[in-house]
Each structure stands twice: as structure tokens, then as C-alpha cells.
Amino acid sequence: MSLLSRQLKRLFIAGREVLGCGCVAQAVLSRGHFGGIVTINVGFAMAVVMAIYVTGGVSGGHINPAVSFAMRLFGRMKWFKFPFYVGAQFLGAFVGSAILFGIYYDGIMSFADGKLLIVGENATAIIFATYPAPYLSLANAFADQVMSTMFLLLVVFAIFDSRNWGVPKGLQPIAIGLLIIVLSSSLGLNCGCAMNPARDLSPRLFTALAGWGFDVFSPPSDKATVVGAKAEAVRGDQANRVGNNFWWIPVVAPMVGAAIGGLIYILLIEIHHPNPNPDFEAEPSEDKLEKHELSVVM
């Protein structure tokens, strides 16, 4: 199969965006009656699992630029594939956001009387992208995303390490899903546990173009942002500010965390595996994929 065919098939990651952010949309638009933090964490993780099952056979399940970067950095993927993979990831997330917006268009427009809000109790921008808690500083947000993505990559490397316990072929996506549930349940309070540049930046760009306005990228101001059929400016406090230029944190910090997580696993675990018995030549296992195809996630 050609590289182009593989990348076109990777657009199925748009389905991950629809199903994952769809869990958030259902919880937000129903005001908690049809979902909450548990359904979001579990639903988003299962959306990742489904995306890996769909794309795994042709690309190894690359749906996260940070993971693809770490795989390339440590020799598990060829450099020329990296821009194609990342491009497909960002494009897929953007298309998925557009599809989700269309599915829930009536619900979003009726939620706040036709206004597309970025902050406040009637905010709907949070359906698509992550936003920091009011108390969170940029330094703390950066550390949060570095640490969460570090744990993500450390465990991903372990899952696909053929000299570790590993996971039987076909069950790796399930293990990844359980990992995402753990991470989102324990490290999601500060800023939503994005861990994926494409999952956050592409939907944020979509909301900027779809009517929420480019204040989704903006620094703090003394006004809460209100965009919609009838725009109005409302005087607010720090809690009503849009994240102090937070938008770049889920783009840059996961790349740093991915590199650190992969390095920690290689230095502390992988290079310390005992050498195989030189008198025993192991046959290739059908349960193990080639290292450059072991990618995945969220």
C-alpha cells in the first residue's frame, strides 16, 4: 500500500475526535444529565482505542504528533514519514471537529441563546479544546502537560517492548485505553490532560473560524469574550479570562514530555534487559509488530 493511501486512511482519526469530543459535548449540552467526568474519561479513551483499531493495520495507529515524534526520535519510525503522519493527525482532528459541530449544531446554538461562548457557565468552546483552570499559571500548565505526556510515552514504550512483558497482539489498544483513563482521571484537573498537539490545536483553530472568534487564542483581558448572534462585552475578573496565552502549552509541552518519557524508558528499562541466550535463536513472534510501527495514541 502506498504512503499516500496510508495517510488518507489515517483521516479516520477524525472519528476519534467526533466520538471523544462528542462525550464532552453530550455532557456539556445536557448540563450533566447525559454525562459527566466519568463518561468523558472513559468515552474519550475508548474513542482512542477504536481509532487505533481502525488505523493500526496501515500506520501502526499514529494519532498523536507527540507519540510520532518520540517514535522518530528514538529510531522507531523513518523521518520522511513524520510530516505526513503529523499532517494527517492535524487535518483529521480539524475535520472531526467540523463533523461534531454539524452533529450538535442545533444543541450548541440553543445552549446559550445563539451565543458561542468561550468562558462562563454557558461556554461551549470547551467541547472542542482544553482550557486551564482559573488558578493555573503558565509554568504549572507546562509542567502538567510535560508530566502527563511523559507518563503516556513511558508506558507506551513498555507496552510495545518485545523484551518486556508486552501485550498480546490485538490487545495493545485496550491497554492504551486503560492508560488514558488513568491519566485523565488523575491529571485532568489543571487543564484537561490534552497530551496531544493535534487534538487541541486543530479543534481550537476550528472554533476560531466557526464563530467563537480568535479570542480562543488570546491573552487575559478585563472582558469576558462573548461571540454569537448578538455579541456583547461583559466586565469580568481573572476567572473570566481566556488562559493567558495558554493555547501553545498543549502543542509544545507534550512534545517535550514525549521525548523525556521515551528517554527515561530507554535509559532505565530497555537497555537493562538481559541479553538473549546466544545459543537460542528466537523466531519472530506473530504477537509483536515492527518497532517503527509501534506508535499509537490519543
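Helix H4 (residues 65–73) and helix H10 (residues 249–268) have axes that come within 8 Å and cross at roughly 40 degrees. Axes here are lines fitted to C-alpha atoms, for helices over the stretch in contact, and angles run from 0 to 180 degrees between N-to-C directions. Helices are DSSP runs (H or I, at least four residues), numbered from the N terminus. This is a predicted model, where local features need pLDDT of at least 70, side-chain atom pairs count only at pLDDT 80 or more, and totals for chains, interfaces and linings use all residues. Residues are numbered from 1 along each chain as its sequence is written, and side-chain values use heavy atoms, with hydrogens and water left out.

H4 and H10 are therefore oblique to each other. Angles under 35 degrees count as roughly parallel, over 145 as roughly antiparallel, 65 to 115 as roughly perpendicular and the rest as oblique. The crossing of H4 and H10 is right-handed, meaning that the near helix is turned clockwise from the far one by less than a right angle. From H4, Pro65, Ala66, Phe69, Ala70 and Leu73 touch Pro254, Met255, Ala258 and Ala259 of H10. Contact means heavy atoms within 4.5 Å. This contact has 9 nonpolar, no polar and no charged residues. Ala, Val, Leu, Ile, Met, Phe, Trp, Tyr, Cys and Pro count as nonpolar, Asp, Glu, Lys and Arg as charged, and the others, Gly among them, as polar.

Next come H5 and H9. Helix H5 (residues 82–103) packs on helix H9 (residues 197–212) at about 45 degrees, with the axes 8 Å apart. This pair is therefore oblique. Its crossing is right-handed. H5 brings residues including Phe90, Phe94 and Phe101, and H9 brings residues including Leu201, Phe206 and Trp212. The classes are 14 nonpolar, 3 polar and no charged residues.

H3 and H8 run another way. Their axes come within 8 Å and cross at roughly 150 degrees. That makes H3 roughly antiparallel to H8. H3 passes H8 in a right-handed crossing. Among the residues that meet are Val42, Val49 and Tyr53 in H3, and Ile174, Gly177 and Ser185 in H8. By class, 12 are nonpolar, 4 polar and none charged.

Now the largest pocket. It holds about 620 Å³ of space. A pocket is an open set of points on a 1 Å grid over the protein atoms alone, where a 1.4 Å probe fits, with protein on both sides within 12 Å along at least five of seven lines; lining residues have an atom within 4 Å of a point. Of the 24 lining residues, Val24, Ile37, Ile40, Gly188 and Gly192 are closest to the centre. Helices H2 (13–29), H3 (37–59) and H8 (172–186) each give two or more residues to the lining. The lining has 14 nonpolar, 9 polar and 1 charged residues.

Definitions and conventions:
Grid points are joined across faces, edges and corners, and a volume is the space filled by probe spheres set on the points.
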